[in-house]
Amino acid sequence: MLGGKISKSRTALTQVQYAALPPIVIQPPTVDYEAMMGDPLYAQLQKQADNLEAWKQ
């Protein structure tokens, strides 16, 4: 149909090499709440959220 060729890259891993890799440890994300609360943009967003809540009532 479309034709073409597939060629293996020099850096490609074999299945055995891939399986031998150590497991990937994923660290959970952390939030620096103190820095977030001190951010002027956060204060602006909080003010907008408060205004929205007041407007809804």
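At 45% relative accessibility, Leu21 comes out as partly exposed, a label that sits between buried (under 20% relative accessible area) and exposed (over 50%), with a 1.4 Å probe and protein chains only. The model is a predicted one, so local features need pLDDT of at least 70 and side-chain atom pairs count only at pLDDT 80 or more, while totals for chains, interfaces and linings use all residues. Residues are numbered from 1 along each chain as its sequence is written, and side-chain values use heavy atoms, with hydrogens and water left out.

Leu21 sits in the loop between α1 (15-19) and α2 (33-38). Together with Leu13 and Tyr18, Leu21 makes a nonpolar surface patch of about 330 Å². Patches here take residues with over 30% relative accessible area and no salt bridge; nonpolar side chains (Val, Leu, Ile, Met, Phe, Trp, Tyr) are joined within 5 Å, like charges within 9 Å.

As for the overall layout, there are three helices and zero strands, in the order α-α-α from the N terminus. The radius of gyration is 26 Å, well over the 10 Å that the globule rule gives for 57 residues, so the protein is more spread out than a compact globule. That radius is taken over C-alpha atoms, and the rule is 2.2 Å times the number of residues to the power 0.38. Helices are DSSP runs of H or I with at least four residues, strands runs of E with at least two, numbered from the N terminus. Along the principal axes, the C-alpha atoms fill a box of roughly 65 × 40 × 20 Å. Lys47 and Gly4, 43 residues apart along the chain, have their C-alpha atoms separated by 59 Å.

On the charged side, the structure holds one salt bridge, that is, a side-chain nitrogen of Lys or Arg within 4 Å of a carboxyl oxygen of Asp or Glu. The partners are Glu53 and Lys56, at 3.8 Å from N to O. Both lie in helix α3 (residues 40-56), three residues apart, or about one turn of the helix. Glu53 is partly exposed at 43% relative accessible area, whereas Lys56 is exposed at 56%. Lys47 is also found in helix α3 and is exposed, with a relative accessible area of 56%.

Conventions
Areas by Shrake-Rupley, 256 points an atom, 1.4 Å probe, with all protein chains shown as cover.
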